[in-house]
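This report is meant for someone meeting the structure for the first time.

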Amino acid sequence: MSSTELPPVPPANVLPRVAPVAAEEGERLRSVELPGITLTVRSRPPVREDLPPALYVHGLGGSSQNWSALMALLEDTVDGEAVDLPGFGDSPPPDDGNYSVTAHARAVIHFLDASGRGPVHLVGNSLGGAVSTRVAALRPDLVRTLTLVSPALPELRVQRSAVPTGLLALPGVAALFTRLTRQWTAEQRVRGVMALCYGDPERVTPEGFRDAVREMERRLQLPYFWDAMARSARGIVDAYTLGGQHGLWRQAERVLAPTLLVYGGRDQLVGFRMARRAARAFRDSRLLTLPDAGHVAMMEYPETVATAFRELLTETGARTRWRGPGEPGKPAAPGEGAAGSGGTGTDAGASGMTMGMGG
């Protein structure tokens, strides 16, 4: 093994015991075993049994916890679950060590097939946005609507601030970074991440910062943490280079589900200029731009994103549970929805928000 490569990761069944990811009040965590992978799934009990199912997919370096604020706001609208992708959150590494976008998409598809919850309202951020795009293109039967927050779709001119993240894909860089930052505290690492991902890090509450530090301390104990990060970053770069029918932009054009696109004006990882291209690529798209938001708008402005999501469901008649051809009854008519599940208003910091149909 080259000295620049990461050390081998022990099999999942001999990994050291590390404290689990924290669960917010009202949340439940469960483990789902599937062929070659084990996924941790975060959920909130729905307020009614007939709410349509939703699945949230996090980005690079994130976890299902990234969706806690949005899930809580939408618990009266959808029966939501958030998945920890293999190697992230509480999910152990995949047996085959494959962290490609396709492998992550395969994990989501296997989970949805096994759960029988599809079609779902699929929501993805960053890497999770690329994964969700691939899922929607390959398995339209599993996706009722698609919501993408700063999706990691190919850019010809990557922002300078995104270059360090992309460099993780190069062999040896993750190991080098680990050595160079060995003396960094968890607090320093969290401040760096927040400065990169938030439009305004000051929006993070002291409690939120403390929780993030505890989670960073937990992650640094995982022997596969940097391996999962590096291989997933490599998977994004590889997906950017694919052409033909496997290219992410080509697959975006194949998506049939009504799509909500959310882009932040201060995003340092996904170019804000990509918003219009995405709106043109997805055939049935709506575009929400938040000038003050960064890369994780669902964490910075959850109320605004929740309102836009509800509007998507109302417009598409998707606010009640879909009934398949083998079930009694029929799909809900447009406009049918849950009483009392109207919009929650707009965050004050989201001034300048625009929303319109993608053209």
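In which loop does Pro119 lie? Pro119 lies in the loop between α2 (101–115) and β5 (120–125), and a cis peptide bond with omega of about 0° joins Gly118 and Pro119. The model described here is a predicted one, and the values that follow are computed from it.

**The chain as a whole**

The secondary structure of the protein chain comes to twelve helices and nine strands. Of the 359 residues in the chain, 52% are buried, and the chain exposes about 15900 Å², of which carbon and sulfur atoms supply 54%. Among the contacts with a separation of 6 or more, 76% are made by residues 24 or more positions apart.

**Two serines with positive phi**

Ser126, in the loop between β5 and α3 (127–138), has a phi near 55°, a positive value in a residue other than glycine. Ser126 counts as buried because its relative accessibility is 9%, which is under the 20% cut-off. Ser150 also has a positive phi, of about 45°, although it is not a glycine, and Ser150 is found in the loop between β6 (143–149) and α4 (163–167). At 0% relative accessibility, Ser150 counts as buried.

**The loop between β3 and α1**

Ser63 is found in the loop between β3 and α1, and its relative accessibility of 0% is why Ser63 counts as buried. Leaving aside neighbours within four places in sequence, Ser63 is in contact with His58, Asp84, Gly89 and Arg219. Val21 is 42 residues from Ser63 along the chain, and the C-alpha atoms of the two are separated by 8.9 Å.

Gln65 is found in the loop between β3 and α1 and, at 16% relative accessibility, counts as buried. With neighbours within four places in sequence again left aside, the contacts of Gln65 are Val21, Ala22, Glu24, Arg42 and Glu215.

**Aromatic rings**

A pair of aromatic rings is described by the distance of the centres and the angle of the planes. The count comes to two aromatic pairs, and the table sets out their values.

| Pair | Centre to centre | Angle between planes | Arrangement |
|---|---|---|---|
| Tyr56 and Trp67 | 5.3 Å | 35° | tilted |
| Phe225 and Trp226 | 5.0 Å | 65° | edge-to-face |

Another ring, that of Trp249, has Arg277 lying over its face, at 4.2 Å from the ring centre.

**Helix α6**

How far apart are the end C-alpha atoms of helix α6 (residues 186–197)? At 1.5 Å a residue, the twelve residues of this helix should span 16 Å, and the end C-alpha atoms are 16 Å apart, which agrees. The buried residues of α6 are Ala186, Arg189, Val190, Met194 and Cys197. Seen down the axis of α6, these buried residues fall within an arc of 130°, so they line one face of the helix.

How values were computed. Residues numbered from 1 in each chain as written. Predicted model: local features only at pLDDT ≥ 70, side-chain atom pairs only at ≥ 80, totals over all residues. Heavy atoms only, no water. Phe/Tyr/Trp six-rings, centres within 6.5 Å; stacked < 30°, edge-to-face > 60°. Lys NZ or Arg CZ within 6 Å of the ring centre and 35° of its normal. Helix = DSSP H or I, 4+ residues; strand = E, 2+ residues; numbered from the N terminus. Buried < 20%, exposed > 50% of the residue type's maximum accessible area, 1.4 Å probe, protein only. Contact = heavy atoms within 4.5 Å. Expected span 1.5 Å × (residues − 1). Arc of directions from axis to C-beta. Areas by Shrake-Rupley, 256 points an atom, 1.4 Å probe, with all protein chains shown as cover.
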